[in-house]
Amino acid sequence: MFDMLRFLTIIMLLSGSLSMSAQESPSYRGSWSVAYYGNIIWNPGLRFSLDKPVQIRQSAPGKIVRSWHINASLGGYWDPLSHIGLVNDYQLHYRIMAPQFMSIRGGFGAGYFRTFLPNVYEFNEQGVAEKVPFAGRNYLTFSMMLGIESFNKKHPNRTWFLNIDSNIAFPSNGFFYPLIFLEMGYRFSFK
Amino acid sequence: MPAAFRLLIFALILGVSACQSHDPENLEEVIYLRKDGADMPAYIYGNATSKTFILVLHGGPGGSGLGYRLGTYSDLLEEQFAVVYWDQRGQGMSQGQYNSSDLMIQTITEDLAELCLLIHQEYGPDIRLFLMGHSWGGTLGTAFLVQEENQLLVDGWIDIAGAHDFPELFRTQVPLVDSIADEQISLGNDAVFWNQVKTGIGEFQEDLSAGNDLIFLNQKANEAETYLRNRGYTDPISDKDQNKVFTSNYFANNPLVVSTNGLHTSLVLNDELIKTSLTDQLASIKVPSLILWGAYDLVVPSKLGEDAFELIGTEDKEYIIFSASGHSPMLNEPVLFSGAIIDWIGEH
C-alpha cells in the first residue's frame with residue numbers, strides 16, 4: 001500500500017512539473033472521450049475519460065507533434081456470470097501525432113479497481129449464512145495502454161481511437177488479478 | 001456512499017441477477033460463498049425439482065467449476081439433477097485477499113464444508129447432496145470425507161480418477177507410462193515420440209521432490225493419452241463436446257483470470273500435494289461411494305481406483321472402469337458415464 005501511494009505521488013508530481021512547462025497548443029486544450037470498454041474484449045463495458053495535454057512539441061507547422069498528457073478515466077464492465085467491475089485509472093500518456101492523419105499513444109499509470117459480486121453469503125457466529133450487501137473486493141492497480149487514434153477532416157474536433165489497456169490488480173488470491181480491455185470510442189476536443 | 005451511486009450499483013447487480021433463471025426445472029443461479037478472505041462462486045444449473053444436487057469438485061489444482069460444464073455428460077446430468085459447479089479458493093473466478101500460506105488442502109476442505117451447509121440452507125434441508133470430484137477434486141473430496149463429521153453433510157461420493165495418494169500415484173504412473181511406451185515402440189508406432197516420453201519420465205523413477213515436477217509429469221502423461229486417443233485406443237471427443245470445452249474455458253470464464261489464479265494456486269498447493277497420502281484413512285469413509293475410472297488413464301492410474309474401491313469403509317460401493325476412456329471418461333464416453341451416475345444416484 002505504501003509503495004502504491006509513493007508511486008501515485010511520483011506520477012502526480014511528474015504530471016505537475018510537466019504542466020508547468022507545458023506549451024499548450026491553442027487548438028488543443030484537452031478532450032473527453034466515451035468508449036466501449038470490453039474486458040477480455042467480449043465482456044461489455046463503458047468508459048469515460050478526460051485528457052489534458054501537459055507538454056506539446058512540434059518543430060514546425062505540419063510536422064510530427066509529440067506530446068505528454070495526463071488522463072483520468074472511469075470505466076465499468078459486466079462479466080455476465082460472475083461480477084461487475086469498476087476501474088478508476090490515472091495515467092500519463094505520450095502521443096506521437098501526424099497532423100490531420102493519425103497518432104499513436106502509449107501510457108502507464110495507477111488506479112483503483114472494485115468488483116461487485118452478486119448473491120454473496122457469509123456464515124455468522126450462529127452458523128447461519130447471511131447475504132452480504134454490496135459485496136466485492138477493492139484492489140489497487142498498475143496499468144499500461146497502447147493505442148491508435150485517427151482524425152476525421154470533416155469533424156476536426158472528433159477522433160476515433162482504439163486502445164489496448166492492461167491492468168494488474170492486487171492483492172488478489174495471494175497473487176494478482178489480471179485485466180485486459182479493448183477500448184474503442186470517440187474523443188471530443190474541448191473548444 | 002452517495003444514494004445515486006448506490007442505485008447505479010444496485011441496478012447493475014440486478015442486471016447480473018437478471019441473467020439467472022430461478023425456474024426450479026431449469027435453474028441457472030450463481031451464489032458466492034465468502035469465507036476467510038475468499039469469495040468463491042458456485043454456478044448452479046439443472047433440474048432442482050429432483051431435490052438432488054451434485055457438487056462438482058474440479059480438477060487441477062488450478063481448474064474451474066465451469067470448466068466441467070462440458071456438453072453431453074453435463075446436459076444429461078442437468079436434465080435429472082441440479083449440478084453445482086464450484087470455483088475453489090484461488091481458482092476459477094474466485095476472488096479474495098489472503099496470504100498464499102493460507103492456501104492449504106485443509107483450508108479448502110473447510111470451504112467445502114461451508115458450501116455444503118450453504119446449499120442445504122438455500123435449497124432446503126430435505127435435498128440430497130452428492131459430491132463428485134475429478135482428479136485433484138478426488139483428492140479434495142477424499143480429504144474432506146476422511147474428516148468424519150463432514151460425512152454428515154453429503155449423501156454420497158462419486159470419485160472420478162481421484163488422486164488420493166500422490167506418492168503411490170508416482171510409483172505406479174511412471175512404470176505404467178513406461179510400459180505403454182515400450183508396447184507402442186514394439187508395435188512400431190512412432191518410436192521417436194515414445195522414446196521422448198520415456199526419456200521425459202525417466203527422470204522421475206523416484207518419488208518427486210518438488211511440486212513443479214508434478215506439472216511436468218502430468219504433461220507427459222497427457223501427451224501419451226492424446227496419442228492413444230488419436231490412435232483409437234480411447235473414444236474421440238465429439239465435436240459438440242469439443243466446442244463446449246472451448247466455450248466453457250474461453251467464454252463462460254475469463255481465461256486470463258482463470259489461468260493466472262490456477263497457475264499461482266497450483267504452484268502453492270503442489271508442494272503439499274506431492275506428499276499427500278490418504279490411503280490409510282480411506283476406511284473411515286462410510287458414505288455410499290461410486291468410483292469411476294478410465295482404463296487408459298495415464299495421469300492417475302487405475303491402481304488408485306482399485307485401492308479406493310477396496311479400502312473405502314462402506315459396503316455400499318461400486319467400481320466402474322470405462323474401457324474406451326483416459327483420464328476424463330466424461331469426455332470419452334459421456335453417455336455411459338452420465339448413465340452410470342444417474343443409475344447409481346437413482347439407487348440411493
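This is a predicted model: local features need pLDDT of at least 70, side-chain atom pairs count only at pLDDT 80 or more; totals for chains, interfaces and linings use all residues.
**View 1. A tilted pair of phenylalanine rings in chain A.** Over all chains, the count of aromatic pairs comes to 24. In the pair formed by A:Phe175 and A:Phe176, the ring centres are 4.7 Å apart and the planes meet at 35°, so the pair is tilted, given that planes under 30 degrees apart would count as stacked and those over 60 as edge-to-face. A:Phe175 is partly exposed, with a relative accessibility of 35%, and A:Phe176 is also partly exposed, at 24%.

**View 2. An aromatic cluster in chain A.** One cluster of aromatic residues is formed by A:Tyr37, A:Tyr77, A:Phe113, A:Tyr139, A:Tyr177 and A:Phe181.

**View 3. Arginines over ring faces in chains A and B.** In chain A, the face of A:Phe161 has A:Arg187 lying over it, at 4.5 Å from the ring centre. In chain B, B:Arg69 lies over the face of B:Tyr45, and here the distance from the ring centre is 3.4 Å.

**View 4. The fold of chain B, with twelve helices and nine strands.** Chain B has a radius of gyration of 20 Å, close to the 20 Å that the globule rule gives for 348 residues, so this chain is as compact as a globular protein of that length. Its C-alpha trace spans about 75 × 45 × 40 Å along the principal axes, and 60% of its 348 residues count as buried. Among contacts in chain B between residues at least 6 apart in sequence, 77% join residues at least 24 apart. The chain exposes about 13,200 Å², of which carbon and sulfur atoms supply 54%.

Note on methods. Residues are numbered from 1 along each chain as its sequence is written. Chains are lettered from A and ligands numbered from 1 in the order in which they are written. Side-chain values use heavy atoms; hydrogens and water are left out. Rings of Phe, Tyr and Trp (its six-membered ring) pair if their centres lie within 6.5 Å; planes under 30 degrees apart count as stacked, over 60 as edge-to-face and the rest as tilted. Buried means under 20% relative accessible area, exposed over 50%, partly exposed in between (1.4 Å probe, protein chains only). A charge sits over a ring if NZ of Lys or CZ of Arg is within 6 Å of the ring centre and within 35 degrees of the ring normal. Helices (H or I, at least four residues) and strands (E, at least two) are DSSP runs, numbered from the N terminus. The radius of gyration is taken over C-alpha atoms; the globule rule is 2.2 Å times the number of residues to the power 0.38. Contact means heavy atoms within 4.5 Å. Accessible areas come from the Shrake-Rupley method with a 1.4 Å probe; for residues, only the protein chains shown count as cover.
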